[in-house]
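Dear colleague,

I am passing a structure on to you, and below it you will find my notes on what came out of going through it. Please read them with the structure open beside you.

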Amino acid sequence: MASNGKISNGDDAHTPVVSFLGPVSSYTHQAALGCFESDRYDYRPEVTITDVFEAVQSGESALGVVPFENSTNGAVIFTLELLADRHKRFPDIHVCGEAYLDVRHCVLGKKSRRQSTDSPDMSGACTPTLSAPSPLKPRTSPLHSLKHVKRLYSHPQAFGQCETFLQAYLKGVERIDVSSTSRAAEMVKEDTTGTSAAIASSLAAEVHDVDILAKGIEDREDNTTRFFILKKGVDVDAGSGRKAKSLISFTVDHSTPGALASVLHCFQIYGLNLTSINSRPTKVVPFQYIFFLEFEGSKMHDDSGRVKRTLDALGDYVQSWRWLGSWDDKLVR
Ligand SMILES: O=C(O)C(=O)C[C@]1(C(=O)O)C=C[C@@H](O)C=C1
């Protein structure tokens, strides 16, 4: 770790590669830039989160950066799906770090050619309906008219973080999911009709040379995404700081009452605080789940032995489990 808190590769012989969900200017790229000394690593944009996992597992990339969860919209299911690793494609991948990024979304597009007559609708008024009698008012209004926008590209996570603005100003506009917000900005750039828009960052507007039609459209001012840093094998230094977190996945026998409670109880007995719990379908039996549990503590730096004792105890209550990594906690509380 360098004195600026960023990860230094400690070896100049060859430049290690950091893969991230691209293209350039995605939020994942911005998070990666904040983690590693940029003159010591080669940054490699990947098309999908799966590509990041594959690059790390194959050893082509020393590290990978992927989104894990957003404070407004919850878990990034693509990443959970890959961590579930049902077909053992990523047996050596571990989480060795995390990064938090403030996410400020914009509507990117091309300004309407009829700009002088198409003034933006600033009211943000939503028509009350029976199911939503008091619709929420968005935090911001557009900078330019959005009346010409016929389709909206973004990453599904980003749509979920901007619902209030979208309901007020882009209701009924077709939404098209793409692999990242920076890919969405690229699509807007490529559209010669000028009627597409993207939800992406102001950096993506700059990089892809498109206009910012609205700014700060996220539902919550504290909208933050957490990213995981992935590595092949175990980084023995990870999780050596004052506060560490660890992640495991496990399955339980769904017909045993209290099976999940028993697993959670192990953490209570040894005094390990839980920080998140998620699940995905096993895809073996319908409506049975793989659980992901995150807790405070490190497997490699476990002076009190509490992590070891907890993990040893788990075996009695789970069908299968896997340790997915320990790393330094970077959440500013
Ligand atoms: O699309 C991007 O720019 C990404 O880096 C992905 C991603 C995500 O999957 O959560 C990252 C941050 C934002 O929450 C929205 C999208």
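The C-alpha centres of domain 1 and domain 3 lie 22 Å apart, in a protein that is divided into domain 1 (14–102 + 224–233), domain 2 (106–215) and domain 3 (244–333), with bounds that come from an automatic or database domain assignment. Please keep in mind that this is a predicted model, in which local features need pLDDT of at least 70 and side-chain atom pairs count only at pLDDT 80 or more, while totals for chains, interfaces and linings use all residues. Residues are numbered from 1 along each chain as its sequence is written.

On the contact between these two domains, 13 residues are taken from domain 1 and 13 residues from domain 3, where two residues are in contact if their C-beta atoms, placed from the backbone, lie within 7 Å. On the side of domain 1 that touches domain 3, α3 (77–84) and β5 (93–102) each supply at least two residues, and the largest share, seven residues, comes from β5; helices (H or I, at least four residues) and strands (E, at least two) are DSSP runs, numbered from the N terminus. That side of domain 1 divides into eight nonpolar, two polar and three charged residues, with Ala, Val, Leu, Ile, Met, Phe, Trp, Tyr, Cys and Pro counted as nonpolar, Asp, Glu, Lys and Arg as charged, and the others, Gly among them, as polar. For residues 248–326, UniProt lists "domain: ACT" in an unreviewed entry, and such annotations may be inferred rather than shown by experiment, with positions given in the numbering used here and feature names shortened. The end C-alpha atoms of residues 248–326 lie 9 Å apart, and the span is 25% helix and 34% strand.

For the protein in general, there are nine helices and 15 strands, and buried residues make up 42% of the 333 residues; a residue is buried if 20 or more other C-beta atoms lie within 10 Å of its own, exposed if 12 or fewer, and partly exposed in between, the C-beta atoms being placed from the backbone. Among contacts between residues at least 6 apart in sequence, 76% join residues at least 24 apart.

Next, the ligand. Of the 15 residues around the ligand, Ser 26, Tyr 27, Thr 28, Pro 67 and Ser 180 come nearest, a residue being near a molecule or strand if its C-beta atom, placed from the backbone, lies within 6 Å of it. The elements that give two or more residues to this shell are α1 (27–33), β3 (63–70), α4 (156–161) and α6 (181–190). The shell draws at least three residues from each of domain 1 and domain 2, and its residues divide into six nonpolar, nine polar and no charged.

One of those elements, α6, is largely enclosed by the rest of the structure, because seven of its ten residues are buried. The buried residues of α6 are Thr 181, Ser 182, Arg 183, Ala 184, Ala 185, Glu 186 and Val 188, and they pack against α1, β6 (106–109), β7, α4, β9 and α7 (202–208). Strand β7 (residues 151–154) runs parallel to strand β8 (residues 174–177), to which four bridges join it, and also runs parallel to strand β9 (residues 196–200), with three bridges; two strands pair if DSSP finds at least two bridges between them. Leu 152 stands opposite Arg 175 in β8, and its bridge partner in β9 is Ala 197.

Some backbone details deserve a look. A cis peptide bond, with omega about -5°, joins Gly 22 and Pro 23, and Pro 23 has its place in the loop between β1 (17–21) and α1. Ser 25 is found in the loop between β1 and α1, has a phi near 85°, a positive value in a residue other than glycine, and counts as buried because it has 24 C-beta neighbours inside 10 Å. In the loop between α3 and β5 lies Asp 85, which is not a glycine and yet has a positive phi of about 45°; Asp 85 is partly exposed, with 17 other C-beta atoms within 10 Å. Phe 90 is found in the loop between α3 and β5 and is buried, with 20 other C-beta atoms within 10 Å. Leaving aside its neighbours within four places in sequence, Phe 90 is in contact with Phe 53, Gln 57, Leu 82 and Asp 85.

With best wishes
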